Amino acid sequence: MAMEDPDRKTEVVLLACGSFNPITNMHLRLFELAKDYFHETGKYKVIKGIISPVGDAYQKKGLISANHRVTMAKLATKNSDWVEVDDWESCQSEWLETLKVLRYHHQKLLSADVTNSLQHTVPITKLGRKRKQEPNRHEPVKKKNQSPVVKSVPQVKLLCGSDMLESFGVPNLWKLEDITEIVEKHGLVCISRAGNNVQKFIYESDILWRHKNNIHLVEEWITNDISSTKIRRALRRGQSIRYLVPDVVRAYIEKNRLYSPESEDRNAGVVLAPFQKHASDPKSSQALSN
Ligand SMILES: Nc1ncnc2c1ncn2[C@@H]1O[C@H](COP(=O)(O)OP(=O)(O)OP(=O)(O)O)[C@@H](O)[C@H]1O
Ligand SMILES: NC(=O)c1ccc[n+]([C@@H]2O[C@H](COP(=O)(O)O)[C@@H](O)[C@H]2O)c1
Ligand SMILES: [Zn+2]
């Protein structure tokens with residue numbers, strides 16, 4: 001695609017998909033942990049984080065309306081200068097495979113990049129000639145000048161916890177071809193969650209093992225087991241959730257009385273959308289059996 005510059009860092013956009021029912025401090029920490037990890041490698045630059053709450057059609061038990069979940073995620077990230085919320089996925093009337101969400105965001109960056117380079121196009125040959133005419137040949141050439149033309153599109157990597165990675169092994173939940181394309185074309189960043197053995201999981205899957213260079217495992221040393229399930233449970237019991245979610249999110253939940261025994265019963269007994277969609281597909285039944 002573009003001219004490779006060994007000094008230039010690969011730009012990465014981190015995409016987190018999930019229910020965010022509701023968003024917690026731990027979800028926000030995932031982004032910080034992943035960004036630190038990539039920057040410490042010296043090879044990547046994380047330019048953006050995207051939170052994509054799942055749509056209502058996912059039909060998970062206890063899932064409250066996407067409208068509230070998106071609003072809370074926006075409130076939670078309003079002080080972040082690099083993490084944003086995208087509601088495209090949640091606005092779709094049907095549930096979408098995570099791969100399609102990754103493709104959409106990659107495509108969006110591609111078209112933004114085309115627009116950008118059309119605005120700044122300088123033929124590469126011209127830049128080459130200009131470089132040779134520079135007076136001091138020993139001075140390092142400023143590669144920065146080339147950026148609008150030769151810049152490559154950022155990679156969009158799926159950011160998740162190890163429970164999501166391990167869900168790849170749940171029969172009928174993921175299509176094998178989707179898992180393959182995610183790890184082959186995009187890449188995965190997985191934050192370890194207490195009680196999960198991700199390395200063994202990767203070892204036991206041929207596909208994940210083959211693409212392990214594109215699966216980044218990030219150890220969370222300051223462990224923190226906040227989950228949305230536990231937040232909803234505390235709320236149902238009238239217990240405090242202060243310091244577990246951003247204060248603006250807590251205030252929004254209280255104002256709108258969002259989580260109750262009734263809301264927890266939403267979608268009770270309903271089959272989760274991916275199971276409905278993939279159950280009859282033989283390719284997905286034993287997604288990672290070897
Ligand atoms: N404590 C955590 N450590 C690592 N990853 C986490 C943690 N909490 C959530 N995640 C990750 O955040 C993403 C979104 O998760 P999700 O919306 O399901 O939140 P959750 O807290 O796990 O909610 P629930 O309890 O309802 O399953 C997933 O990739 C999940 O693995
Ligand atoms: N086949 C798939 O693409 C597939 C299957 C199951 C869950 N997912 C996604 O993973 C996330 C899981 O979120 P929860 O952990 O809240 O259920 C959601 O964004 C959901 O859309 C994708
Ligand atoms: Zn979860």
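## Aromatic pairs

Tyr37, Phe38 and Tyr44 come together in one aromatic cluster. A pair here means Phe, Tyr or Trp rings (the six-membered one for Trp) with centres within 6.5 Å; planes under 30 degrees apart are stacked, over 60 edge-to-face, and the rest tilted. This is a predicted model, in which local features need pLDDT of at least 70, side-chain atom pairs count only at pLDDT 80 or more, and totals for chains, interfaces and linings use all residues, while side-chain values use heavy atoms, with hydrogens and water left out. Residues are numbered from 1 along each chain as its sequence is written, and chains are lettered from A and ligands numbered from 1 in the order in which they are written.

By the ring rule, there are seven aromatic pairs. Tyrosine 58 and tryptophan 95 make a stacked one, because their ring centres are 6.3 Å apart and their planes sit at 25 degrees. Tyrosine 58 belongs to the loop between β2 (44-53) and α2 (66-77), and tryptophan 95 to the loop between β3 (83-85) and α3, so the pair ties together parts that are 37 residues apart in sequence. Both partners are buried (under 20% relative accessible area; over 50% is exposed, in between is partly exposed, with a 1.4 Å probe and protein chains only): tyrosine 58 has 17% and tryptophan 95 has 13%. Phenylalanine 168 and tryptophan 174 pair edge-to-face, 4.7 Å centre to centre with 65 degrees between the planes. Those two residues are both buried as well.

## The chain overall

The protein chain has 14 helices and six strands, taken as DSSP runs numbered from the N terminus (helices: H or I, at least four residues; strands: E, at least two). Of its 290 residues, 45% are buried. Take the contacts (heavy atoms within 4.5 Å) in the chain with a separation of 6 or more: 81% of them join residues 24 or more positions apart.

Accessible areas are Shrake-Rupley values with a 1.4 Å probe; for residues, only the protein chains shown count as cover.

Histidine 105 is in helix α3 (residues 98-120). It counts as buried because its relative accessibility is 3%. Skipping residues up to four places away in sequence, histidine 105 touches Leu15, Ile50, Asp86 and Val156.

Histidine 39 is in helix α1 and, at 35% relative accessibility, counts as partly exposed. Setting aside neighbours within four places in sequence, histidine 39 contacts Tyr44, Lys45 and Val46. Its C-alpha atom is 9.5 Å from that of lysine 9, 30 residues apart along the chain.

## Helix α10

Which residues of helix α10 (residues 228-236) are buried? They are Ser228, Ile231, Arg232, Ala234 and Leu235. Looking down the axis of α10, these buried residues fall within an arc of 160 degrees (taken from the directions from the helix axis to the C-beta atoms), so they line one face of the helix. As background, an α-helix has 3.6 residues a turn, so residues three or four places apart point the same way.

The buried residues of α10 pack against α1 (25-41), α11 (247-256) and α12 (261-264). Just after α10, glycine 238 has a positive phi of about 70 degrees.

## The two ligands

Ligand 1 has 20 residues around it (a heavy atom within 4 Å), and the closest are Phe20, His27, Asp163, Ser228 and Thr229. Its polar contacts (N or O pairs within 3.5 Å) include one between an oxygen atom of ligand 1 and a polar side-chain atom of aspartate 163, at 2.4 Å. Polar backbone atoms are also involved: one of glycine 161 lies 2.9 Å from a ligand 1 oxygen, and one of serine 19 lies 3.1 Å from a ligand 1 oxygen. On its own, ligand 1 exposes 600 Å², and the protein buries 93% of that.

Ligand 2 has 14 residues around it, with Ser19, Tyr58, Lys60, Trp95 and Thr98 the nearest. An N or O atom in the side chain of serine 19 is 2.5 Å from an oxygen atom of ligand 2, while a backbone N or O atom of glycine 18 is 3.1 Å from a ligand 2 oxygen. A nitrogen atom of ligand 2 lies 3.0 Å from a backbone N or O atom of leucine 173.

Key. A polar contact is a pair of N or O atoms within 3.5 Å; within protein, one must be able to donate a hydrogen and the other to accept it, and residues adjacent in sequence count only if both atoms are side-chain atoms.
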